[in-house]
Amino acid sequence: MSWNWDIWDVIFVAVLIAGIALFVAYPYQPQSPQALEQYQQDLADNVVVVIYQTDSVDVAKAQFYKDYPGYEILEAYKGKHGVIIRGRKK
């Protein structure tokens with residue numbers, strides 16, 4: 001069986017390989033020292049950050065407790081795209 005590669009197949013494979021290489025080479029790095037410190041502390045404390053697409057903080061909190069039993073809410077606030085909740089395992 002032979003492959004009939006056209007230019008779009010070659011471009012797709014090249015972009016896919018480049019994307020994977022960039023993802024591996026440059027993982028998420030917070031932009032400021034304070035953000036990096038917070039990110040590392042969150043990883044150590046098993047903190048989750050969840051965005052609920054709702055206008056009500058109370059509704060989002062109730063949903064968070066359903067979705068993450070055994071977690072406590074550290075902070076909850078209304079953001080541009082919904083309610084953002086940071087929670088930590090008790």
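**Close-up views of a predicted model**

**View 1. Arg86 in its strand.** Arg86 is found in strand S3, which covers residues 83-89. Bear in mind as you look around that this is a predicted model. Is Arg86 buried or exposed? With a relative accessible area of 16%, Arg86 is buried, because the cut-off for buried is under 20%. Setting aside its neighbours within four places in sequence, you will find Arg86 in contact with Gln38, Asp42, Val47, Val48, Val49, Glu72, Ile73, Leu74 and Glu75.

View 2. Helix H2 is made of 12 residues, 33-44. How far apart are its end C-alpha atoms? They are 17 Å apart, and this agrees with the 16 Å that the helix should span at 1.5 Å a residue.

**View 3. A cluster of aromatic rings.** Here Phe64, Tyr65, Tyr68 and Tyr71 are linked into a cluster by ring pairs. Across the whole structure, a search finds 3 aromatic pairs. One of them joins Tyr68 and Tyr71 in an edge-to-face arrangement, with 5.6 Å from centre to centre and 70 degrees between the planes. The pair counts as edge-to-face because that label applies to planes over 60 degrees apart.

Notes:
Residues are numbered from 1 along each chain as its sequence is written. This is a predicted model: local features need pLDDT of at least 70, side-chain atom pairs count only at pLDDT 80 or more; totals for chains, interfaces and linings use all residues. Side-chain values use heavy atoms; hydrogens and water are left out. Helices (H or I, at least four residues) and strands (E, at least two) are DSSP runs, numbered from the N terminus. The expected span of a helix is 1.5 Å times one less than its number of residues. Rings of Phe, Tyr and Trp (its six-membered ring) pair if their centres lie within 6.5 Å; planes under 30 degrees apart count as stacked, over 60 as edge-to-face and the rest as tilted. Buried means under 20% relative accessible area, exposed over 50%, partly exposed in between (1.4 Å probe, protein chains only). Contact means heavy atoms within 4.5 Å.
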